Every structure is written in structure tokens, then in C-alpha cells.
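Open your viewer and get ready to click through a few selections. Each stop says what to select and what you will find there.

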Amino acid sequence: MAVSAALRAAITRAQNADQHSEPVFSPLRGLGRGRLTPIDLLGQSLSTIAPATGMVFIALWMITYSPGYVGLAAIAATTSAVFLVAFCITQFTRRLAAAGSLYSFVFQGSGIRATLTAGAALVLGYLGISVSVFSQAVPSLLDTIAIVGPDVRGTAATVITTVAIALAVAWIAVRGVRFATRAILVVEACSLILIVVVMLATHSDTTTAVALPNPSLSAVPFLAMLTVLSMAGFESSAFFGPEAKRPLISVTRTVLISPIICGVLFVFAAWAAMTGHGATIVGAYFEGTASGASAEVVLAVKIGMTCSWFASTLGCAQAGSRLLYSMGIERVLPAPLARVHRRFRTPYVAVLAFVAVSAAGVFIYSDTVRDDSGSFDGVVETALVCAYTLVAFASWKFLRRIGEHTSLTRICTVSVSVAGAGLLVYIVLDGAVHGMWALPIAALAVAVSGTVWSSLLRRARPESLLMVGAFDSVETADLLPGAGTLLIDGDGRRRLVPDRGTSERDSPEHGR
């Protein structure tokens, strides 16, 4: 009888539902909902990380500075720490989907100033990664062309290649995520297979002759920071929550799986370098046939690495554009960034803006920064560590606010928050001791960015402060007929109210 009463009540509510109320939409609906599969999300994360390039550089530093098993342990420990960061992030991804990723998550646990600070750190971090990998993609492509054809390396060729890569990245990113991530996942998988096979099949005790600057940090802390930088973007699938199918499940799994996959590959690369299996591939990439590697191996390695650099550039553009789009929706950045392509449902203005700034950054990097790449990488690492620390602390506050803390979440969130804060202090002090003043300046700039940004918004666009933290929310179309009417109250919150014509006696609970 109770079931029958419930069915009759549902039918009555459906018949009496108010069909003339103004529909309520998600603020992020312009991106197109429920389009991306778990494979697409994994492709996005791996394209941003580009583990193939990380493996080669970790092998290079392991060979050059010979930290031994201590270095191997540092890489493994850093991977575990990144996994703990991922665990903190999933406390949000399993509850909401947001195109702003960590930026939007921090708002759920901390205030507006902390949120804007995280946003500034993410913009700096992702632009820094994009400039770094973009600047590597250009010479790598020119080197590859020189192997199979004429040597066209030079200033004019560099400019033309940079523009061509920027246009290709922008075109693919505007066309849509699914095409890009699936194609890149195949390419990255081929690159990884190639590197693993070459490492296992070759053995050489010859060290590389590549001239490398001494890092400001000692070898072990430097390897840890290099691992963090190499894993940067592991959480980029969270930017695509509003576009994913079953986002609370698929995004969460991808965020957890990505650092594990990359960590295993990085530990393998470190082991290969220690045991003499990494010298051949390192020499092939950095020295070409002069290292003793065959022309075929050099060409294959160059092609694989070039594809990985390009994939990482594209992954950063796709993730960074979603961050700018979310900020445009909230009006904390210019509103045109929120414009979406009518056909492809991608934030094309944000894509073009991100790629244009990255391309401009490549020219600046090549002319002024390349000789001091350690400081540049340190600034990027500082921004990323700041963002990860803020989201860990926000997850602790968020879970406490909603009353869903467990012993495990308390330990993880507090540990990551304390470790992140300690690492930031270490970076700042070490940079000051070694005269790398860019690091403490960057840390200070990120620290005050939220306060300055919120003050400017309060004067120029105070209404934007009420829109911070936008995430994909329920729409009128998501409700079953007769379930009620979705309204937005005076505080901007969504409320489900009973439809007109539905009385208390229509409720299945009536008469119990």
C-alpha cells in the first residue's frame, strides 16, 4: 500500500507540476555535460604530465649527480606525497564537479582570499609549465627535422615553429577535448613503450656529456622537486568534471591513478639510470649520434619526446583554458573568457588567450630565462606547492564543516598541509641562501595575491565576489517531473520547492 500511495503521489505531482516557471541552469552548462569518458580524462592527465619527458630528465639527473639509492628513495617518497595530495583533492572531486578545479575547491573550505590566492598560484603554475614544455617542443621538433631533412635551425625557423605549434595547439584545443586526449593518449603510450624498451634493451656505463648547471638545492631535495614538477598537472582531469560522464566517480579515479602510473615510471627511470640502462636514451636525446646511439634510435627518441612535449603543451592549454573560463564566469577575470564555441562547446576565447600568453612566454624564456632555468622552474614549483598546500588545508576545513572527517582524512589533510608549508619555507630560505631571489619574491607575490585581488574586485566589481567558487550544479532538466520546482533564492542558492497543487496529503508520508 505504501508503494502504491507513493506512485499515486508522484503521478499527481507530475500532473500538477508548474511547466511555466523559468528554468534554472548550471553556471557551467556551456561546456557541454556528460561527454568525456574515463579514458578521455586519463588522456588529459597524462598529456599534461608527459611522463615520457619526465623519465628522460630524471634519468639525466640521476646519471649526472649520482645520488644512488637515496635519490631513488627520494623519488619514491615524493610520489607517495603527491598521492596524498591527490587523496586530499578527491575529497572534493567525489562531491562536486568544477571547471576551476583546485581554485574552486579551495573556496569550499576556505575564504575568498585563499581561493583567489590558489587561483593566482594555478594560473602562474600552469602558464609556467606551458612555457617550459613549449620551449622544449620547438627545438626538439627542429632537431627531428634536421635528422630526416635539411637543417633549418635558426632564429627565423624558431619563430615560425613556435607560431605553428601555437596555432596547432589552439586549433586542436578549440576543436574539442575528446579528439585531442584520445590521440595524445595513443602517442604518449607509444613514447613510453619506446623509452621503456630502449632502457631495458641497452646497457652502458658511459655518462652523458651534457653541460648542466648545479642546482641550488642539494641533489636529493632537487630530485624531489624535479619529481613534483614532472608530475605537475596530474590533477588536470578535475578541470573537466562538468564535461565528464559520472564525474564524481571518473574524475576521482583518474586523480588517484595518474600519480601512481607516473610514480612507477619515474622510479623505473631512476633505477634504469642507476644500473646503466638509462645512459643510451639520455645520450640519444641530448647528444644525438655523437653519444654512440644509432641514427634510428636517435630519430625514434626525438620523435617520441617531441610528441610528448607537444602533448604537454596541449594538455596545459586545455586545463588552463578551463581555469580562465571559470574565472570569466565568476567575473573575477574579464567576462569574454567565458565565451564558448557554439559548435564545439569549448571556451575558445580562454584557449586563445592562454596559448597566446604561452607563446609570448616562449620568446621571453628563450631570450632571457633559458640561462637561468633553475630559477624559472623554482618559481613554477613554488606556485604549484602553494596551490597543493591550500587545497589540502581547504579539504581539512571542508570535511570538518560538513562533519565527514575520518581518522584517515584528518591524518592525510593535516600531514600534507604541514609538509607543504614546510616545503615552501625551505624553498624560500634555500633560494635566499643561494641568491635565487626569484623564489622568495614569487612566494611573497603569491601569498599577497589573494588579498590584493579581492581588494581590487571589491572596488571594481563587488558582485563578482559573490560568484566565486562556481561548480556544476543541478538544473531544472535534471529533475523528474513532479519532483518540485528549482528556484534560486535571494542568496543565490538553489532551492527545491513543492509544485503548486501538491498538498501534504499527496505525500506518501501522510497518514503514517
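In this tour, helices (H or I, at least four residues) and strands (E, at least two) are DSSP runs, numbered from the N terminus. By that count, the chain has 16 helices and 2 strands. Please keep in mind that this is a predicted model.

**The whole chain**

Start with everything selected. The chain has 512 residues, and 53% of them count as buried. Its accessible surface comes to about 22200 Å², with 65% belonging to carbon and sulfur atoms. Now think about contacts with a separation of 6 or more: 82% of these in the chain are between residues 24 or more positions apart.

**Helices α2 and α12**

Next, select residues 38–49, helix α2, together with residues 295–330, helix α12. Two packed helices are described by the angle between their axes and the distance between the axes. Here the angle is about 120° and the axes are 6 Å apart. Angles of 65 to 115 degrees would count as roughly perpendicular and those over 145 as roughly antiparallel, so α2 and α12 are oblique to each other. The crossing of α2 past α12 is left-handed. To see the contact, show Gln-44, Ser-47 and Thr-48 on α2, then Ala-311, Ser-312, Gly-315, Cys-316, Gln-318 and Ala-319 on α12.

Stay on Cys-316 for a moment. Is Cys-316 buried or exposed? Its relative accessibility is 0%, so Cys-316 counts as buried.

**Helix α11**

Select residues 279–287 for helix α11, which is mostly covered, with 7 of its 9 residues buried. Those buried residues are Ala-279, Thr-280, Ile-281, Val-282, Gly-283, Ala-284 and Tyr-285.

**Helices α5 and α14**

Now bring up helix α5 (residues 102–109) and helix α14 (residues 373–402), which pack at an angle of about 40° with their axes 7 Å apart. That angle makes α5 oblique to α14. Their crossing is left-handed. On the α5 side, the contact is made by Leu-102, Phe-105, Val-106, Gln-108 and Gly-109; on the α14 side, look for Tyr-388, Leu-390, Val-391, Ala-394, Lys-397, Phe-398 and Arg-401.

While you are here, pick Ser-375, which is found in helix α14. At 8% relative accessibility, Ser-375 counts as buried. Leaving aside neighbours within four places in sequence, Ser-375 is in contact with Met-436, Ala-438 and Leu-439.

Then click on Cys-386, which is buried too, at 12% relative accessibility. A disulfide is a covalent bond between the sulfur atoms of two cysteines. How many disulfides does the structure hold? The number is 0.

Finish with some backbone angles. Most residues other than glycine have a negative phi.

- Arg-246 has a positive phi, near 45°. You will find Arg-246 in the loop between α9 (219–230) and α10 (247–274), and with a relative accessible area of 60% it is exposed.
- Arg-345 also has a positive phi, near 55°. Arg-345 lies in the loop between α12 and α13 (348–369), and at 31% relative accessibility it counts as partly exposed.

Definitions and conventions:
Residues are numbered from 1 along each chain as its sequence is written. This is a predicted model: local features need pLDDT of at least 70, side-chain atom pairs count only at pLDDT 80 or more; totals for chains, interfaces and linings use all residues. Side-chain values use heavy atoms; hydrogens and water are left out. A disulfide is a pair of cysteine sulfur atoms within 2.5 Å. Buried means under 20% relative accessible area, exposed over 50%, partly exposed in between (1.4 Å probe, protein chains only). Contact means heavy atoms within 4.5 Å. Accessible areas come from the Shrake-Rupley method with a 1.4 Å probe; for residues, only the protein chains shown count as cover. Axes are lines fitted to C-alpha atoms, for helices over the stretch in contact, and angles run from 0 to 180 degrees between N-to-C directions. Angles under 35 degrees count as roughly parallel, over 145 as roughly antiparallel, 65 to 115 as roughly perpendicular and the rest as oblique. A crossing is left-handed if the near helix is turned anticlockwise from the far one by less than a right angle, and right-handed if clockwise.
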